[in-house]
Amino acid sequence: MAADNTNGHSNGRSNGHSNGHANGHASSGASRAPEPVTAWIRFVTYILEEHRGKINFFIVLPISFLCDVVWSWRDWYYETFCTTPHLHGQRVAEVQRQVREWRARKDAGEEVGKMCTDRKPFLTMGPATRTFKKECRKIKCSDMCDILKVDHEAMTVTCEPLVNMGHITRALLPMGYALKIQIEMEDLTIGGLSMGLGMETNSHRFGLIQETIRAYDVVLASGELVHCTRDNEHAALFGVMAWSCGTLGFLVAVEVEIVKVKPYVRATYLPCFTLQEHCAEMKRLSLLPEGQTPPYLESTVYGKDRAVIQCIEFVDISWREWLFEVNSCNLWFKPYYYKWVEGAFERTNRATGKPGFSEILPIKHYYHRYTRSIFWELNDLIPFGNNPLYRYLFGWLGAPKIAFIKLFMTTAIRESVVTKHVVQDIVVPIDSMQDGLKLFHEQFNIYPLLVFPIRIYDHGDKQGFLRRPRTIDGVDGPDGQHPGKAWGMYVDLGAYGVPQAVRDKQPWDFEKALLHMESWTRAHGGYQCFYTDFLLTRDEYKEMFDHTLYDKMRKLTGADIAFPEVYDKVRPELKVCDRNGRVKTKAH
Ligand SMILES: NC(=O)C1=CN([C@@H]2O[C@H](COP(=O)(O)OP(=O)(O)OC[C@H]3O[C@@H](n4cnc5c(N)ncnc54)[C@H](OP(=O)(O)O)[C@@H]3O)[C@@H](O)[C@H]2O)C=CC1
Ligand SMILES: C=C(/C=C/[C@@H](C)[C@H]1CC[C@H]2C3=CC=C4C[C@@H](O)CC[C@]4(C)[C@H]3CC[C@]12C)C(C)C
């Protein structure tokens, strides 16, 4: 499965961050008879690569299902009987002890490497395999998984970093709360989201998750514990914490805003039949004043000129509606949510007489609407997954866990995920939405696409990695997220799947397409989400993300010596093979 579309790079970028993985192709030309172990590895690799769908169905899926069942019980047992928020102080002290020990060894002249968390790379929610950890000193944070406090007055929840979205939903929903920015995938951690990035379909009202963070408790390179808020003496550090990926210190607790939610939402699906209509309507809806803009807003693009806008609002429902009108869309036999939404093109809304339809969804089902189909990725992993027969007979197995998909991924599968498959999210000013969708069509031609608007706030000299918005679309009133602060409206464009050219067995140059998308994004003042694979060089990364405050804070806190730079954590690790299967590596 060697990539045959790797046309040498002439731009001095590295696809190589060579990581010592065995490469099936690189060894295939060996003339010696294979050792029994090598032969066995090759056999296993062959099975994994040539029968991926069956492996996913017969092995990955049942293992995921069993683990899900066992882990649900384990989580329930842990969350009910074993949480120890009162021991949080001890856990923090242990992180501080490890950091101080690292420092002492470093000061003594020992080669200790830089520090990172001990979270296993396959557990992280992104297709990329992060190999930088091999050279780092791993600091144990993996026991930090308790919710510490729900503050009903301040409307915040304080969590240790490894609390995940599933845990938060289980804890908050019964109290009638959710995170202000409640992210949809259950396995994402609050630490990863607050030190990385987090966005949802209500980000047009509140911004990214970082805007809803009240405080970070961080252990710095010195071992000192600091409490950073937007207005205390650590405000500058606070400003640059999001998108820093743990390169300024170890997060030991985070206080995040919560909101009251109702158990049901009304979803209204509005089909659009031209690109112009779609873009104009998304902009209009996202910029309506609070109270008029839909609380959650997103669109799913099904083709060049076909999109369905989804407007979601909380509702109180009657017994009759509860009995007959609620669509529990995540039940195992139901069609995948995005397929169901596509039905809006053929339907007419009874209430308005216009194209589309409207329905009531339980909030929990709405929050996790793409879990069963991993957005639309399951189409390629289990192609028969949405077949009604499959759904009724096996739908209860759910979706394979992303961690397991990654665990069963050979180097060649990883390469083909990179070179014949796209997982990209960019955040660009909403005025560039139309051009962005055209560019996605030209470069990727993948449908569906995920689209939702996001406010980017102007925090002046505490702006952090994101630059001040190019155009100001509004200023928050007294009830806004940040009263008095200006913001610009951006939009997330997400493409996940196999490009049409690859499906049609036509040549498709992933590198050319990605480079084109990246330079377009930079030119339009946009951002590429780093959880995925990208080709940006260090300089290009710094052009996209403002490093001014970051560099200053790294120096000031000693993080520059203690932690890798953010680019070195997220940089390209794509191993690209030439036609003979040799790995091409280039220097940065
Ligand atoms: N809708 C959305 O917004 C989505 C967002 N994502 C993004 O994908 C990423 C993956 O999420 P997830 O698997 O939960 O997170 P990860 O474990 O991948 O963590 C993300 C980054 O945050 C750092 N980090 C995490 N916890 C700590 C801590 N306690 N102290 C210091 N640094 C820490 C990690 O450092 P280290 O490398 O040292 O472990 C890593 O660099 C996230 O950044 C998330 O923003 C993905 C999908 C959807
Ligand atoms: C950022 C958003 C959503 C992102 C998801 C669609 C992607 C997040 C993690 C992605 C994946 C991780 C690992 C994978 C293993 C590969 O072998 C196949 C691809 C994938 C399953 C990949 C698929 C896309 C993600 C789930 C939105 C909410 C802004």
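Two strands pair if DSSP finds at least two bridges between them. Strands (E, at least two residues) and helices (H or I, at least four) are DSSP runs, numbered from the N terminus.

This is a predicted model, where local features need pLDDT of at least 70, side-chain atom pairs count only at pLDDT 80 or more, and totals for chains, interfaces and linings use all residues. Residues are numbered from 1 along each chain as its sequence is written, chains are lettered from A and ligands numbered from 1 in the order in which they are written, and side-chain values use heavy atoms, without hydrogens and water.

**Strand 9.** Select residues 264–272, which form strand 9. Seven of the nine residues are buried, meaning under 20% relative accessible area (1.4 Å probe, protein chains only). Glu359 in strand 12 is the bridge partner of Ala267.

**Helix 4.** Move to residues 88–107 and pick Gln96. Gln96 counts as buried because its relative accessibility is 15%. Beyond its neighbours within four places in sequence, Gln96 is in contact with Val219, Gly223, Glu224 and Leu225; contact means heavy atoms within 4.5 Å.

**Ligand 2.** Finish by selecting ligand 2, which 21 residues surround, each with a heavy atom within 4 Å of it. Phe375, Glu377, Met409, Asp425 and Tyr531 are the closest. Helix 15 (402–407), strand 13 (422–429), strand 14 (449–457) and strand 16 (486–497) each supply at least two residues of this shell.

Note on methods
Buried < 20%, exposed > 50% of the residue type's maximum accessible area, 1.4 Å probe, protein only.
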